[in-house]
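I am opening my notebook on a new structure today.

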Amino acid sequence: MNPLIFSLLFMDHILASVCQCTVADSDFSLAGDFLIGGLFDIHDTIEEVSQHTPEAINCSQQTFSLSDYRRFQMMRFGVEQINNSTTLLPGVTLGYEIFDHCSDTKIFPGIFDFLSVNMSVQPWPGPQGLRLPKVISVVGTYSSTKTRTITPIFDMDFIPLVNYAASSSTLSEKAKYPTLLRTVLPNQITIEAIVTVILHFRWHWVAFLNSHGEYGTDGANLFMKQIKSTEICLAYNKEVDLLTNYSEIINQIKNQRINVIIVFTLARQAKLLIKEALSLKVKMVWIATDAWAFNREIMEMPNIDSIGTVIGIVAPEPDIQGFDYFVSSLKKERAHCEVGEERLCNQVCNCDGLRTEDIIGADPTYSFPVYVAVNVIAHALHNLLQCDSGQCNTNMTVYPYMVLTELKKSNFTLLNQSIQFDENGDPKFGSYSFIFWNNNKVEEVGYYKFHPFFDFHINSSKFQWHTNGQVPTSLCSPNCPIGYAKQQLGIHKCCFICVGCPNGTYINITVDPYTCTSCPATEWSTPASTSCRPRLVEFVSFKDDAAIVIMAGAVIFLGLSLLTAVLFGLNYNTPVVRSAGGPMCFLILGCLSLCSISVFFYFGKPQESYCIMRLCPFFLFYTVCLACFVVRSFQIISIFKIAATYPSVQRWWMKYHGQWLIIAVATSIQALLFLIAFASSPPKLYNETVWYPDQIVLACELNVAAFGGSLILFVALCFFCFVFSYMAKELPKNYNEAKAITFCLLLLTLTWIVFATIFILYRGKHLQTLNALAVLSSLYSFLLWYFLPKCWIILFQPGKNTQQYFQGLIQSYTKTISQ
């Protein structure tokens, strides 16, 4: 036998064996042209261990739920209102068959009744290949777990299930639940609203308690996913049920210094938790979902205000006109079902003594979704029967799958809300309100809207916080001072120590509160900064006082050099000029003048050409000067010492113009070395940012390795010049050119030793000024101490500038040597 046929026959047997009696005129049923099914948890039971054989439960013997009874009456009111309407389904009446859905696993007889025809479930299809079940659609049920259980049964006949309370996000998967639509917002939206509130009040250390079952587990999973990219830490998470030790849970939460608890449970678990909190006298912030935020039993507990602050996140329940009158006008025997009266399976209610005000004042949560569910079915049927003309086409056979198609197209206005569904069957309408429990009353303090656009608001001034009017805090570690980064401790990012950001870094807590970010090269920061500031660009301008003085010194040097050259030219054939070097003097003065060009390129904003001109003229032409003085020192020794001892060397030197040969060779080598250095690694601009964090000193960078050959040659010439001049220290006092050269070299060496010391200790912008000063000092050392004494003799001691005077000095020195 086909397994499907066998299962349907088996269900038919259960239905017939368990439900054998019906009574007309019941609150649970109403005759009509089209029947709607209803499933409401009028009673609630704790699930026992599953039985080995099918067994139905008698719901009327379980705990009565006033809030669910109110929803049950809301469905009846909705159907009656539609039947009395002249515009919606004119000439067509809706009926209903409602069952008390008190259990997850023991209420299937009522489900099978929806599939039956004349109390029999047909295992074979109808004339058109489809079965025509008893109902065209079903409203229900309350929990996500129950919805997941019964939906596959309705899927067989494509009976649409319009749910009013099951909010699990898994129910949005159309591949698994193709016939399910719902008028309640899914958990995803609820969790987003909860996280928004927590972030608004900066509560980063929270606990999350969820009930056992699809609703709570789904909420916990969504919450953990939602807070991953936030500063919220889930410090404690626990799944609870009716047998949980709530005292132990509360103590564990207190020990972890958690001041905010999200209670994502059904009302019965929340009631046990709050009762234990009252017993332990704890005060904290409780975040309630719509499953218990309006629960009167919890709200009216004695001393409920002593548990702290309760914030509820609920879907607002608009005032549905006519419902109060409908409840008030119920006949006594219809307002509650008489105990013991035989009804169809689970259509009995132990509600003796219920007052009208009790029903009206019960928890209104999910009442509006029930009302919407009834209306969307009616509008779908209205469109299917083509009732817009004022008369419905009642001759057509309506199958549930046809209603399902129209339900997905729903688009109408109900109580100022546009009722539509998205592709997952979830509502594209609705919002959340933030409520505050204030002296056993509910006060609205804000809202969370997402259709048609996002909008969020909380009026913090309306809260009466339990912490002396101040907004409570819930942190693992206190917030870091400004400019401090967090260094995580343990597994929770909310537990940390604070570390100040050092110089040159800053902290941007909106981007990354755990990392000190380095400032760009053009910016700087002080310790513990939250941003970087632009560095001050430093260089010595031409208008700087020191620059003006040094450039003036260079101009004066050029003038003095020119005057010296003119003076030497006019007295070219005198002994002083000849002994100073004769034509070599003009070469030295010319090269010193060309060296002074470098001084002017140490000022102004550096450019690559500046870097070259600072280095090239001075090194190249000063090399010529040093070569000249090396030759001049050697000539002095040659005249007074080598000529007598080695006359052949003297003749060779004079014959081949050895002095000019040495100068040319030294100059050529230096020029070649410079050419190689500039080709391999030319001087380049350099921004000094290390020594002064608030400044950028514009400078030139020299590759010492590339210019090493030039420096070695420069130092070698200085060395030989010093050696030759030192060897001539015994020469006549008035003719001792070597002593003058030695003194100039000592000044030159001292100048650059001082500059090198300053270079090691200081890298500010005035280093360029000191460099220019060192160059100028190097030039003046030869001009003042080598050429100036000779100018003095020419101008003021002409008696010493005669041939006889010089010959006398030489003869006196020769006699001294011979003795």
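First, a term I need: two strands pair if DSSP finds at least two bridges between them. I also note that this is a predicted model.

Entry: An open sheet is formed by 6 strands, in the order 1-5-2-6-7-8. Its pairing is mixed. I then checked the edges. They are strand 1 (29-30) and strand 8 (180-182), and each pairs on one side only. A reminder to myself: strands of a sheet pair through backbone hydrogen bonds, either parallel or antiparallel.

**Entry: one pair up close.** In which sense do strand 2 and strand 5 pair? I found the parallel sense, over 7 bridges. Strand 2 covers residues 34-40, and strand 5 covers residues 94-100. I picked out Gly38 and found that its bridge partner in strand 5 is Ile98.

**Entry: helices across the sheet.** I turned to helix 3 (residues 108-115). Helix 3 lies across strand 2, strand 5 and strand 6 (137-139). Its direction is at about 160 degrees to strand 5. Next came helix 4 (residues 144-155), which lies across strand 2, strand 6, strand 7 (161-163) and strand 8. Helix 4 runs at about 160 degrees to strand 7.

**Entry: a surface patch.** Which residues form the nonpolar patch on the surface? I listed Phe743, Leu784, Trp785 and Leu788. Together they have about 370 Å² of accessible area. Helix 23 (residues 766-796) gives the most to this patch, with 3 residues. Phe743 sits in helix 22 (residues 737-761).

Definitions and conventions. Residues numbered from 1 in each chain as written. Predicted model: local features only at pLDDT ≥ 70, side-chain atom pairs only at ≥ 80, totals over all residues. Heavy atoms only, no water. Helix = DSSP H or I, 4+ residues; strand = E, 2+ residues; numbered from the N terminus. Contact = heavy atoms within 4.5 Å. Axes fitted to C-alpha atoms, helices over the stretch in contact; angles between N-to-C directions. Patch = residues over 30% accessible without salt bridge, like charges linked within 9 Å, V, L, I, M, F, W, Y side chains within 5 Å. Areas by Shrake-Rupley, 256 points an atom, 1.4 Å probe, with all protein chains shown as cover. Salt bridge = Lys/Arg side-chain N within 4 Å of Asp/Glu carboxyl O.
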